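User: I have a model open and want to go through its local details with you. Can we take it by question and answer?

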Amino acid sequence: MQVPLLDLKAQYATIKSEVSAAIAEVMESQHFILGPKVEQCEKAIARYSNCAHAIGVSSGSDALLACLMAENIGEGDEVITTPYTFFATAGAIARVGAKTVFVDIDPVTYNLDVTQLASKITPRTRAIIPVHLYGQMADMDAVVAVAEKHNLVVIEDAAQAIGAEYKGKRAGSIGHYGCFSFFPSKNLGAAGDGGMIVTNDAQRADKLRCIRAHGSKPKYYHKIIGGNFRLDALQAAIVSAKLPHLDSWTSARQRNARLYDELFDEAGLPVLLPAVTTDRHIFNQYVIRVTSRNELEAFLQKKGIGTEVYYPVPMHLQECFGDLGYSTGSFPESEGAAKETLALPIHPELTEEQVRYVVENVREFFAAKEASEGQAQMVTAAGK
Ligand SMILES: Cc1ncc(COP(=O)(O)O)c(C=O)c1O
C-alpha cells in the first residue's frame, strides 16, 4: 500500500468542476492582478477568521515581511520568535534588518515557551511573532500580556493554522496581525504561492494595502517604500472556491488524528503523540516524537509511507543566522524536537485503512528493533 504524505490529486478530483469554473471566470475577465476576485477572497477570509480586514498578498513569507514593514521595524530593533519554525518567520525579521531574538519552545506543544518571553525583552524589542505550529495556536493570553506590558506588536504566524482556535478565538484575530499562507500543502492551498494578512485595525489594513503595491497611493505616488506583494486573481479565485470545503477537510484531519491516537494508544509503543491543548487544532501536521526518528523514517519510506521532518535544523543553528551568535545547546527543546519529531500523513483524503497501515508499520518497526536489540544482547552475553 502507498500512503503519501499529501494527496493533492485526490483532493482535486473532488472539487475539479468548482476550481475549473473559478479559473475560467478569471480567464474570461482577463483581470489578473488584485480586482474583484481578490476582494471577494479577502472578505471571505476576514469573515472566516473573525477579523474586520484581510489583505491578499503574494505568500505567507511576504505577509510576515509586509507586517514588519508596516510597523517600520528595522535596524536596531529586536523581534522575538521561536527557532523551531519554517525559515520564513526568522527570514522576514532579517530581511527588514532587525535582530531575531529566539525563545525556546514548550516541548509539549512545540510552540513558544511563553514563560521565557519576559526575560528576553529589552528596550529594543518591538514585536513578538508567535508561530502556531502544525495547526495549533500558541498560548496567546501570555503573549498578549507580555506584549501589552511592553507595548509590543504581535504578529501571529498562522501560516499553518487557518481556522485554528484558542479560547474561542480564531487564529489571526488576537494579535495586531495574522499571517496566512496558501502554499499548496497548507490546509487551504492555492495552485501556487499566495497569502493573506488579517487585522482588526483599519489603519494598519490601509497601510498594508499600500505596502503590497510598492507603497503607492494613489498609483505612481509613493509616500512609503513597499514591494510587489500582491495576491493574483487566479490564486484568489481558487482559494475562494476551496474555502467552503475547509471545515469538512479540517474535520477529516481531526478524525484521522483521533484514529491515530487510539491506535497508537492500543499498540502501547514508545511514541509521543501530539498534545491538543487548545479548542481547535486543525492538524496541518500530525507530528509524533520518537528517539529513533531517522531509522523509523527510513523504515516507513520502504513501506511506501511518506513522512517529513519539520524541521531538521532549528533556526538558531542555520548557517545564515550564524551572526546571531547562537550555538548548539542554546535552545535544547528546539534541538531535541528537531532530532526526534516526524510528521505522518494526516491529509483529509486519507482512508481508515491507510491510517491503520501506518500504525501497523510503526509497530512492526519497534518489534523488529526490539528483536535485533535482544539478539545483540545475547551475542554480547555469549561473548563474555
Ligand atoms: C510557519 C510558517 N511561516 C511562514 C510560512 C511561509 O509561507 P509561504 O510558503 O506561503 O511563503 C510557512 C509556509 O511554509 C510556514 O509554515
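User: Which residues does Asn 187 contact, leaving aside its neighbours within four places in sequence?
Analyst: This is a predicted model. Asn 187 sits in the loop between β8 and β9. Beyond its sequence neighbours, the residues in contact with Asn 187 are Leu 246, Trp 249, Thr 250, Arg 253, Ile 282, Phe 283 and Asn 284.

User: Is Asn 187 buried or exposed?
Analyst: The cut-off for buried is under 20% relative accessible area. Asn 187 has a relative accessible area of 5%, so Asn 187 is buried.

User: Which side chain makes a polar contact with the side chain of Asn 187, and at what distance?
Analyst: One polar atom of the Asn 187 side chain lies 3.0 Å from a backbone oxygen, that of Ile 282. The side-chain partner is Asn 284, at 2.8 Å.

User: How far apart in space are Thr 250 and Ile 282, C-alpha to C-alpha?
Analyst: Thr 250 lies in helix α8, residues 246-267. Leaving aside neighbours within four places, Thr 250 is in contact with Asn 187, Arg 280 and Ile 282. Thr 250 and Ile 282 are 32 residues apart in sequence. In space, their C-alpha atoms are 5.7 Å apart.

User: What is the relative accessible area of Thr 250?
Analyst: Buried means under 20%. Thr 250 is buried, with a value of 0%.

User: Is Arg 255 buried or partly exposed?
Analyst: Arg 255 is in helix α8 too. Not counting residues up to four places away, Arg 255 touches Pro 348 and Leu 350. At 44% relative accessible area, Arg 255 is partly exposed.

User: How far apart are Arg 255 and Phe 283 in space, C-alpha to C-alpha?
Analyst: In sequence, Arg 255 and Phe 283 are 28 residues apart. Their C-alpha separation is 10.0 Å.

User: Which elements are among those that cover the buried residues of α6?
Analyst: Helix α6 covers residues 202-211. Its buried residues are Arg 204, Ala 205, Leu 208, Cys 210 and Ile 211. Their cover includes β1 (53-57), α3 (60-70), β5 (153-157), β8 (177-181) and β9 (195-199).

User: Which backbone nitrogen does a side-chain oxygen of Asp 201 reach at the start of α6?
Analyst: The side-chain oxygen of Asp 201 comes to within 2.9 Å of the nitrogen in question. That backbone nitrogen belongs to Gln 203.

User: What do the buried residues of α10 pack against?
Analyst: Helix α10 spans residues 332-340. Ser 334, Glu 335, Gly 336, Ala 337 and Ala 338 are buried there. They pack against β10 (286-289), α9 (293-302) and β11 (341-344).

User: What is omega for the cis peptide bond between Lys 217 and Pro 218?
Analyst: Pro 218 is in the loop between α6 and α7 (233-242). The peptide bond from Lys 217 to Pro 218 is cis, with omega about -10 degrees.

User: Which residue does a cis peptide bond join to Tyr 310?
Analyst: Omega for this bond is about 15 degrees.

User: What is phi of Tyr 134?
Analyst: Tyr 134 is found in the loop between β4 (125-129) and α5 (140-150). Tyr 134 is buried, at 4% relative accessible area. Tyr 134 is not a glycine, yet its phi is positive, about 65 degrees.

User: Is His 214 buried or partly exposed?
Analyst: His 214 lies in the loop between α6 and α7. Phi of His 214 is positive, near 60 degrees, and the residue is not a glycine. With a relative accessibility of 41%, His 214 is partly exposed.

User: Why does the protein count as being as compact as a globular protein of its length?
Analyst: The protein has 11 helices and 11 strands. For 384 residues the globule rule gives 21 Å. The protein is as compact as a globular protein of that length because its radius of gyration is close to that figure, at 22 Å.

User: What share of the residues counts as buried?
Analyst: The protein exposes about 17100 Å², with 53% of it from carbon and sulfur atoms. Of the 384 residues, the buried share is 55%.

Methods:
Residues numbered from 1 in each chain as written. Predicted model: local features only at pLDDT ≥ 70, side-chain atom pairs only at ≥ 80, totals over all residues. Heavy atoms only, no water. Helix = DSSP H or I, 4+ residues; strand = E, 2+ residues; numbered from the N terminus. Rg over C-alpha atoms; globule rule 2.2 N^0.38 Å. Buried < 20%, exposed > 50% of the residue type's maximum accessible area, 1.4 Å probe, protein only. Areas by Shrake-Rupley, 256 points an atom, 1.4 Å probe, with all protein chains shown as cover. Contact = heavy atoms within 4.5 Å. Polar contact = N/O pair within 3.5 Å; in protein donor to acceptor, adjacent residues only side chain to side chain.
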